[in-house]
Amino acid sequence: MDVAGKVAIVGIGHTVQGELPGRSVEENAVDAIVAALADAGLAKEDVDGLIACKSAQGLGNDVAVGELLGVNPPYAQCLDYGTCNFSLHLAVMAILSGMAETIVMSYGANARTGKVDFGAPLGGVDLATASGLVHIAGPAALALQRHKYLYGTTDEQFGWIAVGQREWAGRNPNAIFRKPLSMADYLATPYLVEPLRRPDVTMISDGGVAVVVTTAERARDMPHTPVYVSGIAEQSGVRGAYNPDNLLRPWLRDAARSIWTKTGLSTSDIDVLYIQDPTAVWSLQMLEYYGFCGIGEAGPFLAEGHTRPGGRLPLNTHGGQLSESYAWGWMHMVEAVRQLRGDAGERQVDGAGVAMYCSSQAFSKAAASILSTDPAVAA
């Protein structure tokens with residue numbers, strides 16, 4: 001399906017990210033929807049589609065959000081793991097198929113004040129959880145150990161992901177963690193799950209995020225510069241542990257190959273890069289598989305400073321999940337839109353016109369989107 005320049009993001013909104021005591025998952029999602037609609041210059045009656053993303057607790061589906069928002073859109077869906085890429089792709093397909101014209105996508109969470117126990121198995125007990133791998137940090141730590149063994153990646157090289165994210169977060173008033181983090185500070189931090197330290201793993205936070213998507217034709221009448229979808233791609237790895245070397249998630253390479261082939265673009269076309277990062281290992285892997293550096297070369301690439309402020313490949317300019325907020329990667333899309341609009345304030349990247357967002361569902365699925373202010377990019 002050729003999607004280039006046919007669908008655009010026209011509204012973004014979010015709550016404060018951090019602790020929102022007394023607010024439900026659905027209330028946080030609806031607060032963000034209200035903000036996103038206002039950003040787009042729309043009322044809820046102008047929307048004919050709703051895509052909700054469930055939280056880690058399994059709350060916040062389309063029925064619960066629709067009831068609280070007070071809408072009956074013709075098109076309503078929910079994704080169990082609708083990180084913003086997967087939700088965006090569903091919205092694009094719904095719009096291009098004629099199921100809806102303008103869709104609002106939402107995510108809400110209260111995992112922090114709701115005291116969700118991420119140390120308990122979320123998907124039922126299996127062999128992995130029986131072995132103690134009850135959180136994403138466990139298998140991610142094993143993946144990093146494997147990378148270190150194969151390619152000689154050092155703790156300091158890897159640490160530049162977390163340190164760089166904190167540098168970007170220091171310029172972001174929305175970020176939860178803004179206190180400077182030096183390499184010395186990082187290396188002095190005890191292991192959380194060796195070789196991962198606390199700054200290598202996402203925090204848990206409350207908040208809501210929403211994005212409004214519509215047709216390119218309608219986007220021209222919106223108050224902000226439209227941010228067009230230039231290309232989308234997905235790849236599953238749902239065979240899980242039956243995939244060879246699945247800790248390294250080699251099927252990410254297939255998602256990369258797909259989006260570069262579909263769009264005709266290359267890594268040199270990307271001005272700002274966003275990688276969903278429940279752990280910093282995801283950034284390490286995707287930098288390599290998407291071709292921003294060679295396989296096994298992410299360590300030296302990071303140490304050279306390319307992804308930090310002033311580098312040639314700004315990565316997660318909001319601080320990502322390591323320093324800004326949890327939000328299942330939804331704030332990555334919000335930040336990409338802000339950068340392309342030129343609204344990112346102190347952290348604005350000069351000349352940002354093309355953004356890429358890479359995300360994944362743990363060891364099961366991968367998704368990528370390329371966004372641009374130019375509808376002709378990849379068209």
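Is Arg-112 buried, partly exposed or exposed? Arg-112 is partly exposed, at 40% relative accessible area. Partly exposed sits between buried, under 20%, and exposed, over 50%, with a 1.4 Å probe and protein chains only.

A word on the model. It is predicted, so local features need pLDDT of at least 70, side-chain atom pairs count only at pLDDT 80 or more, and totals for chains, interfaces and linings use all residues. Residues are numbered from 1 along each chain as its sequence is written, and side-chain values use heavy atoms, leaving out hydrogens and water.

Now the salt bridges. The structure holds 10 of them. The criterion is a side-chain nitrogen of Lys or Arg within 4 Å of a carboxyl oxygen of Asp or Glu.

Back to Arg-112. Its side chain meets that of Glu-19 in a salt bridge, 2.9 Å from N to O. Arg-112 lies in the loop between β4 (102-110) and α4 (127-130), and Glu-19 in the loop between β1 (7-14) and α1, so the pair ties together parts 93 residues apart in sequence. Helices (H or I, at least four residues) and strands (E, at least two) are DSSP runs, numbered from the N terminus. Glu-19 is exposed, at 52% relative accessibility.

Next pair. Lys-54 bridges to Asp-80, with the closest N and O atoms 3.1 Å apart. Lys-54 is in the loop between β2 (49-53) and α2, Asp-80 in the loop between β3 (75-79) and α3 (84-96), 26 residues apart. Lys-54 is partly exposed at 23%; Asp-80 is exposed at 57%.

Then Arg-308 and Glu-167. Their side chains form a salt bridge at 2.6 Å, N to O. Arg-308 sits in the loop between α11 (298-303) and α12 (320-323), Glu-167 in helix α6 (residues 155-169), and 141 residues separate them. Elsewhere, salt bridges with shared partners join Lys-148, Asp-155 and Arg-197 into one network.

On to helix packing. The axes of α1 (residues 25-40) and α2 (residues 62-69) come within 9 Å and cross at roughly 60°. Axes are lines fitted to C-alpha atoms, for helices over the stretch in contact, with angles from 0 to 180 degrees between N-to-C directions. α1 and α2 are therefore oblique to each other. Oblique is what remains after roughly parallel (under 35 degrees), roughly antiparallel (over 145) and roughly perpendicular (65 to 115).

Last stop: Leu-150. Leu-150 is found in helix α5 (residues 137-151). At 36% relative accessibility, Leu-150 is partly exposed.
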